[in-house]
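Okay, thanks for coming, everyone.

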Amino acid sequence: MKTFNAKADEVERKWWIVDAAGQKVGRVATHVATILRGKNKAIYTPNVDTGDFVIVINTDKMELSGTKWQDKKYYSHTRFFGSMKEMTAAQAKEKDSTFIMHEAVRGMLPTNKLSRHVIAKMKAYTGAEHPHAAQKPALYTLPS
């Protein structure tokens, strides 16, 4: 027997829609990260991008448990002295609710060069409309 190694140009990619309305951010992010990496496929290879494309809709209606809307903070720094900015989750939701989903999924991916290509396959939108209807995405139902 020989070990199977997937090749990047032979991977068949599908498009999935994940509805985040009424769902916890972390629960949605774990499933999205699994699909993006391709760990739900039998041909999963850690050093090859075998994952599918994911469209996350209704990010403005997702939930955080407890008091995380006020307690959770996102930090940014430009490496100049005194440039560190912090923003609560509630402020981030007002500004751009897709940012919260991107950060949650990015935190669940490994920190390597491949993860930059993997996170680029995730598209997040605040409402139910998205411009990817031509790809004929299938609805991914989250287990309850």
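Let's start with Ser115: its side chain reaches the backbone oxygen of Asn112 at 2.8 Å. That's a polar contact, meaning a pair of N or O atoms within 3.5 Å; within protein, one must be able to donate a hydrogen and the other to accept it, and residues adjacent in sequence count only if both atoms are side-chain atoms.

Before I go on, this is a predicted model, so local features need pLDDT of at least 70 and side-chain atom pairs count only at pLDDT 80 or more, while totals for chains, interfaces and linings use all residues. Residues are numbered from 1 along each chain as its sequence is written, and side-chain values use heavy atoms, with hydrogens and water left out.

Back to Ser115, which sits in helix α5, residues 113-119. Helices here are DSSP runs (H or I, at least four residues), strands are too (E, at least two), and both are numbered from the N terminus. Is Ser115 buried or exposed? With a relative accessibility of 14%, Ser115 counts as buried. Buried means under 20% relative accessible area, exposed over 50%, and partly exposed in between, using a 1.4 Å probe and protein chains only. Leaving aside residues up to four places away in sequence, Ser115 touches Leu109 and Pro110; a contact means heavy atoms within 4.5 Å.

Now, the aromatics. Rings of Phe, Tyr and Trp (its six-membered ring) pair if their centres lie within 6.5 Å; planes under 30 degrees apart are stacked, over 60 edge-to-face, and the rest tilted. How many aromatic pairs does that rule give? The count is 3. One of them is Trp16 with Tyr140, edge-to-face, at 5.9 Å centre to centre and 80 degrees between the planes. Trp16 is in strand β1 (residues 15-19) and Tyr140 in the segment after β6 (138-139), so this pair ties together parts 124 residues apart in sequence. Trp16 is buried at 15%, whereas Tyr140 is partly exposed at 23%.

Tyr74 and Phe99 are edge-to-face too, since their ring centres are 5.2 Å apart and their planes at 75 degrees. Here strand β3 (residues 73-76) holds Tyr74 and helix α4 (residues 97-108) holds Phe99, so parts 25 residues apart in sequence are tied together. Tyr74 is buried at 11%; Phe99 is partly exposed at 27%.

Zooming out, the protein has 5 helices and 6 strands, running β-α-β-α-β-β-α-α-α-β-β along the sequence. Of its 144 residues, 35% count as buried. That's my tour, thanks!
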